[in-house]
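Me: Please take a close look at one single part of the model shown below, and describe it carefully against the background of the whole.

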Amino acid sequence: MSISAKTKMCIIIGDPIEHSLSPVMHNAAYKALGIEDQFVFTAAKIKVEDVKKTIKAVRILGVHGLTCTIPHKIEAIKYIDKIDPIAKKIGAVNTIVNKKGKLIGYNTDWLGAIIPLEKITSLKNKKVALIGAGGAARAIAFGIKNRGAKLKIFNRDVKKAKKLAKDFKADYGSLNEIEDVSDYDIIINSTSVGMKPLEKQSLVPKKYLHKGQIVFDIVYKPKKTKLLKDAERVGAKIIFGIDMLLYQGIAQFEIYTGLEAPEKIMRKSLEDNLKK
Ligand code: ATR
């Protein structure tokens, strides 16, 4: 046991939290870099009404990193000292770092979506169809527009699509217009459709997918969702949800430690745990 009185604590809070893969991913990275005596990453299930008290406790205990997941990414903003301009624009923080008692909030979710896309394409002037208008969609929409792509947001509740589209200067439509995606270079699913219990479903009929497109599903369990299977069958390039999880985590690791993240090790820890 290398944990000592000097070890810095990082904690992910959410509700639910048991499924979170952040602790395994970060602790695997600490171990790989030989810094498991300096950092430890744990998780706590926190109710929304307890976020204020939790952040007070972070200050008192000198917790180094506070990772926020659903449903705390918006609520936490109220209680921190400073918010990075990008996180402010997105309207959510997933990464709070304690810098000598000052709590500074960042958002790394948008990088989780943009980095894997930019590994295979430039986004400038590309046509991107984003399905969903929830919390994850907000971070993705920011990233897509930040890189100069054209964006249309499709959502079941069209009012939510309209609001998001207004915030990020995008087009919007309902799921009745989903056939439009055949005209888009990149299709991103940011809804929970494709995840259990909806693992047999996809919001995009296969006939609207084709070769030359990039299809990205942020659902990571199952690894290959129905949407990704259909996309692969027609010859489209696919990006797995695990990549978003990985790259938001890598950016967060670098904020918490100031070190370059060991990408391969972090990916392996996610892959291994998702098989369980
Ligand atoms: P997250 O923060 O993970 O994005 P969220 O904010 O609850 O989660 O957003 C969930 C998204 O999935 C929404 O866009 C939601 O559509 P509505 O805004 O119409 O509710 C979408 N979604 C969830 N279940 C869906 C379903 N069965 N069919 C279509 N869209 C669905």
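Reply: A residue counts here as buried when its relative accessible area is under 20%, as exposed when it is over 50%, and as partly exposed in between (1.4 Å probe, protein chains only). The model is a predicted one, in which local features need pLDDT of at least 70 and side-chain atom pairs count only at pLDDT 80 or more, while totals for chains, interfaces and linings use all residues. Residues are numbered from 1 along each chain as its sequence is written, and side-chain values use heavy atoms, leaving out hydrogens and water.

Of the 276 residues in the protein, 50% are buried, and the protein contains 9 helices and 12 strands (DSSP runs of H or I with at least four residues, and of E with at least two, numbered from the N terminus). Among its contacts (heavy atoms within 4.5 Å) with a separation of 6 or more, 64% join residues 24 or more positions apart.

The part to examine is helix 2, residues 51-61, whose buried residues are Val51, Thr54, Ile55 and Val58. Because these cover an arc of only 100 degrees around the axis, they lie on the same side of helix 2, the arc being that of the directions from the helix axis to the C-beta atoms. The cover over the buried residues of helix 2 includes strand 1 (8-14), strand 3 (65-68), strand 5 (95-99) and strand 6 (102-106). On the other side of helix 2, by contrast, Lys52, Lys53, Lys56 and Ile60 are exposed. After helix 2 comes Gly62, which has a positive phi, near 70 degrees.
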